[in-house]
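Try each task before reading its solution.

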Amino acid sequence: MYEQTKTAHHGPAKGLMRWILTTNHKDIGTMYLVFSLMMFFIGGTMAFVIRAELFQPGLQLVRPEFFNQMTTMHGLIMVFGAVMPAFVGLANWQVPLMIGAPDMALPRLNNWSFWILPFAFLMLLSTLFMDGGAPNFGWTFYAPLSTTYAPPSVTFFIFAIHMMGISSIMGAINIIVTIFNMRTSGMDLMQMPMFVWTWLITAFLLIAVMPVLAAVVTMMLMDIHFGTSFFNAAGGGDPVLFQHVFWFFAHPEVYIMVLPAFGVVSQIIPAFSRKPLFGYASMVYATASIAILSFVVWAHHMFTVGLPLGGELFFMYSTMLIAIPTGVKVFNWISTMFKGSMTFETPMLFAIAFIVLFTIGGLSGLMLAIAPADFQYQDTYFVVAHFHYVLVPGSVFGIFAAVYYWLPKWCGNMYKESMGKLHFWLSIIGVNLTFFPMHFVGLAGMPRRIPDYALQFADFNMVTSIGAFLFGATQLLFVYNVIHTVRSGKKAPQKPWEGAEGLEWTVPSPAPYHTFTTPPAASEK
Amino acid sequence: MKLFLKPSSPAGLISIVVLMFVFGFMLVPLYTVFCEVTGLNGKTSGQYQGELTNEVSDNARTVTVQFIANRNDNLPWQFSPKQEVMELMLGERKVTSFRVVNTYDKAVVAQAIPSVSPAAAASHLHKIECFCFQQQALGASESKDMELIFFIDASLPGDITKLTLSYTLSDITGTDLVDM
């Protein structure tokens, strides 16, 4: 204890080595967030290529092979490089601050789990310059497209996935151990902030399914290089098995990408409604039930592979069941706002947009869950519209909301509210312009992952592309606002939001390099 | 031990990770067993091991069997059943053959993968001898009649009057598949 007090006031080391050697949760959180922002722009550039090619029917800009590489890499980078690291970054910054812990429980592991990522993505991106090109089999990498017919770079893709998986697993272990062991005295599990709860559940999902992803890519590796036949029918394997194992991972994965956003929104809505969160306990149970149900719905991605009738019915009903806990959450957020004394700063705007637009994505998800109807929607732009509605105005808006909400605490300066609002309004227009028309072209039968399309889809595709360019350009405003805030923003008070609650607002702004070296009282909030 | 493996400790969490990695691989045999037990996927079992009585009861039902020959990857080889449709009584032992012609001017190895539709019939179709049990070596431009001996047992569900046995032929030359 004495040793700790003596060294508690040293600042961060100087220079580059600070970032390479750091074990500080705030430094690592910042690195995760900056990394994910860079990946967001790289993945966004790929989306730009896709939308530019689809601006008009016919092949104008890129060859179909390259188009396939773009759709694949866009998906992989956005899922594993942008959304997941951003939430791990938020967890690194906020979980210790919100539970009154001095740091994460396993700081060296924390450093390692971040520093694996740049190498994993460097390896993944380097495939773009290899003979035969980058992976081109879609982010779902179905066998045998990703085994028998894959470009040679698939091996690099497999090892990149392994490294990302190791990074996520270590991050998740760290978060669980921190939450279980380092809460300040007097903070029971059922008193934890919702963001901490959703991350605890997300972390359990991560350690449960990332190893399954590792297993499936290992099987691919063995099929490609060691002569096994896990997914090769000629050797006694089964390509459909790949889809089962993959979606056993990937369905929980989609909740990994959205549960922390639920947590963010559950922090922000009460703060700007100046009311405590409605139905805290039901929120916790709803999150847990969504997580548990996510393990028994995977085959709703595979309704058209030839499942027996019983299978179709089971996966249809179990999928629809998820609407119940999700509905509980949505109504809890609305009830929190009901008769609240609301103000509409940028984080609140993003949080409200999250509720509305995520619900639209949830409803199209319910439509897709109807097995007989799904035969019509399968592999069309309707699916693309659905999952972009839950991922962009869902996860990504959740991340924006969190950054605007906590940025004053992180850097000690207040962002420009007017520019934040402009970012919000242009984003919401861009998002809807981009993804709403996709519903229509999808229902009319436009297939996904195709660089050309029938003339009847031309108008809606042009609207979509214009929306996408607007949305992409708008994000430069966000970058400018964040950089401007960090470098020369107005000083922020310790608690910039009147209605905000939680331990993170009991430390000064910016949060000192070391916080809570002595545990705070849980009731202090 | 109990303390060591609680889910809030790193060791406990790492053991969950290891377990789930193993579980990922376990899904392969689980899937196979699941398909066998439920008869889904139309997978037929291996060589018939039971007693061959070759006795057909007089009032046995007659069913129609259709044979389909597919070529994987649009192989240029010719591959076709000798007889496309046959009628047989339940319990009756039938012999037929599939003809394959290797149109390449080099030796190849082929493997046929069977599938039965409707899937519910898969467990009632028994193969006593089948070319799909072995890899088939074919010399350059060689043609070959590959034999199939099978019967359908009497417990075939009553609503099935017609079933399809399809074979997909794959070129596995030089792939050196590890036996699973």
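Predicted model: local features only at pLDDT ≥ 70, side-chain atom pairs only at ≥ 80, totals over all residues.

Residues are numbered from 1 along each chain as its sequence is written, with chains lettered from A and ligands numbered from 1 in the order in which they are written.

**Exercise 1.** Work out which element of chain B gives the most to the side that touches chain A.

*Solution.* Start with the contact: 26 residues come from chain B and 28 residues from chain A (in contact means C-beta atoms, placed from the backbone, within 7 Å). Next, helix 1 (10-38), strand 5 (108-117) and strand 9 (162-171) of chain B each give two or more residues (helices are DSSP runs of H or I, at least four residues, and strands of E, at least two, numbered from the N terminus). Helix 1 of chain B comes out on top, with 13 residues.

**Exercise 2.** Find the partners of strand 5 of chain B.

*Solution.* Take strand 7 (residues 136-138) of chain B: it pairs antiparallel with strand 5 of chain B over three bridges (pairing needs at least two DSSP bridges). Here B:Val109 sits opposite B:Ala137. Then strand 9 of chain B, also antiparallel, is joined to strand 5 of chain B by eight bridges, and B:Val116 faces B:Leu165 there.

**Exercise 3.** Describe how helix 3 (residues 25-53) and helix 5 (residues 107-126) of chain A pack.

*Solution.* Their axes are 10 Å apart, at an angle of about 20° (axes are lines fitted to C-alpha atoms over the stretch in contact, and angles run from 0 to 180 degrees between N-to-C directions). So helix 3 of chain A is roughly parallel to helix 5 of chain A (angles under 35 degrees count as such).

How values were computed
Contact = placed C-beta atoms within 7 Å. Parallel < 35°, antiparallel > 145°, perpendicular 65-115°, else oblique.
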